[in-house]
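Subject: Structure for your review

Dear colleague,

Please find below the structure I promised to hand over. My notes on it follow, and I would be grateful if you could read them alongside the coordinates.

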Amino acid sequence: MTLVCLPHAGGTAAMVAAWHPLLPADVELIGVQYPGRQDRLAEPHIEDLVAAADRVAAELGELPDRPVALFGHSVGSALAYEIALRVERNTGHDLRHVFVSARRAPHHRHGEDDHRLDDEDLVATVQQLGGRDLQVLETPRLWPVVLPSLRADLRMADRYRPTRLEQLHAPVTAFGGESDHTCTPRDLDTWGDATAEKFDVQLFPGRHHYLTEDPAPVVEAITQRLRTATSDPGSSRRAPVAAANPPASRALEIAAVWQEELGGTAVGVDDDFFELGGNSLVGMQIIDRMRALYGVELSVRAFYLAQTPTAVAELIEKEGVAL
């Protein structure tokens, strides 16, 4: 089975990076990376949720023919629902389960204008939701990098206002945090309109971003429902891609720096920063280390587009190039 995860507003595919060792070996985990951030920084944001669902569903149609489950967190819940409709209508994939999280069903929302707040108020609003990635927002020099994606995703959510939900043929489970003031159990109940099959609600300790505070019980709850739904457990998760090219000495030095900043995670010269669990704050720390080691001022944009120690080494060799 393939489990496809859709992150929250401003979120990245790294939201579910910690889930890999917690899932059964026969579940392939895919985190969707929205454009306009991290390794897709050069691409324009998507501010139309229906168009975003079309694009993701088209990508899923190219995957191997195996059962699919969807998990969407916060704004990602509405996207997961729209993708689920397209999977059932237009692809040959068997949609086994849809998980929605920390958000009222879209036909019970009537617009939201957080994307219109100034930077300080927007950051304060997001900080109230909790979560483990708030350090990034505590660094104002990172705001020009992270806030455009957040605003674009919030605009996308604001513009999506269906008046009713077409019922899915797959079961739906709504997850939420027990202390999430933005989404109560009654709010989660509104997702019952989204399916003609079984619907249930499960709460976990924590606030809006409960799943990053302790992912283990969340993954276990997902796994239990997938076990119930799975009749063909023969597939296996995608194996990590091994580095292929012999590294240059500077790329090895850079990989060693990354390994330190990423808390000891093994880093190869062709490993992708974001696939290793890197985030904006770690990226800034590495950029500072590069400046101290090599006297080169890398921009955040150049670093994100480079993505690997080998590519960063090549940038440093071209010190005269505007970065």
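Helices and strands are named here from DSSP runs, numbered from the N terminus, with a strand needing at least two residues in state E and a helix at least four in H or I. Under that definition, Ser101 belongs to strand β4, which covers residues 95-101. Please bear in mind throughout that this is a predicted model.

**Overall composition**

The protein chain contains twelve helices and six strands. Of its 323 residues, 52% are buried. Among contacts in the protein chain with a separation of 6 or more, 76% are between residues 24 or more positions apart.

Leaving aside neighbours within four places in sequence, Ser101 is in contact with Phe71, Gly72, His73, Ser74, Ser77, Phe175 and Tyr210.

Arg104 is found in the loop between β4 and α3 (119-127). With a relative accessible area of 28%, Arg104 is partly exposed. Although Arg104 and Ser74 are 30 residues apart in sequence, their C-alpha atoms are 8.5 Å apart in space.

In soluble globular proteins, nonpolar side chains tend to be buried together. In this model the largest nonpolar core has 80 residues, and Leu70, Ile83, Trp258, Met290 and Val312 are those with the most contacts inside it. Helix α2 (residues 75-90) supplies the largest share of this core, namely nine residues. A second, separate core has 22 residues, including Met15, Val27, Ala69 and Phe175.

Leaving aside neighbours within four places in sequence, Val312 is in contact with Ile254, Trp258, Met290, Leu298, Phe303 and Ala306.

**Helix packing**

Two packed helices are described by the angle between their axes and the distance between the axes. I note two pairs.

The axes of α1 and α2 come within 9 Å and cross at roughly 50°. This angle makes α1 oblique to α2. The contact is made on the α1 side by Leu49, Val50, Ala52, Ala53, Asp54, Val56, Ala57 and Leu60, and on the α2 side by Ala78, Leu79, Glu82, Ile83, Arg86 and Val87. The crossing of α1 and α2 is right-handed.

For α9 and α10, the axes come within 10 Å and cross at roughly 140°. These two helices are therefore oblique to each other, since an angle has to be over 145 degrees to count as roughly antiparallel. The crossing of α9 and α10 is right-handed. Their contact involves Arg250, Glu253, Ile254, Val257, Trp258, Glu260 and Glu261 of α9, together with Val282, Gln285, Ile286, Arg289, Met290, Leu293 and Tyr294 of α10.

**Salt bridges**

The count of salt bridges comes to 18. The following are among them.

Arg37 and Asp153 form a salt bridge through their side chains, with an N to O distance of 2.7 Å. Because Arg37 lies in the loop between β2 (28-31) and α1 (49-60) and Asp153 in helix α5 (residues 143-159), the pair ties together parts that are 116 residues apart in sequence. Arg37 and Asp153 are both buried.

Arg159 forms a salt bridge with Glu47, their closest N and O atoms being 3.2 Å apart. Arg159 lies in helix α5 and Glu47 in the loop between β2 and α1, so this pair ties together parts that are 112 residues apart in sequence. Arg159, at 56% relative accessibility, counts as exposed, while Glu47, at 23%, counts as partly exposed.

Arg289 and Glu261 form a salt bridge in which the closest N and O atoms are 2.7 Å apart. Arg289 is in helix α10 (residues 280-294) and Glu261 in helix α9 (residues 249-261), so that the bridge links distant parts of the chain, 28 residues apart. Both residues are also listed in the contact between α9 and α10 described above. Arg289 is partly exposed at a relative accessible area of 26%, and Glu261 is partly exposed at 22%.

With kind regards

Notes
Residues are numbered from 1 along each chain as its sequence is written. This is a predicted model: local features need pLDDT of at least 70, side-chain atom pairs count only at pLDDT 80 or more; totals for chains, interfaces and linings use all residues. Side-chain values use heavy atoms; hydrogens and water are left out. A salt bridge is a side-chain nitrogen of Lys or Arg within 4 Å of a carboxyl oxygen of Asp or Glu. Buried means under 20% relative accessible area, exposed over 50%, partly exposed in between (1.4 Å probe, protein chains only). A nonpolar core is a set of buried Ala, Val, Leu, Ile, Met, Phe, Trp, Tyr and Cys residues joined through side-chain atoms within 4.5 Å. Contact means heavy atoms within 4.5 Å. Axes are lines fitted to C-alpha atoms, for helices over the stretch in contact, and angles run from 0 to 180 degrees between N-to-C directions. Angles under 35 degrees count as roughly parallel, over 145 as roughly antiparallel, 65 to 115 as roughly perpendicular and the rest as oblique. A crossing is left-handed if the near helix is turned anticlockwise from the far one by less than a right angle, and right-handed if clockwise.
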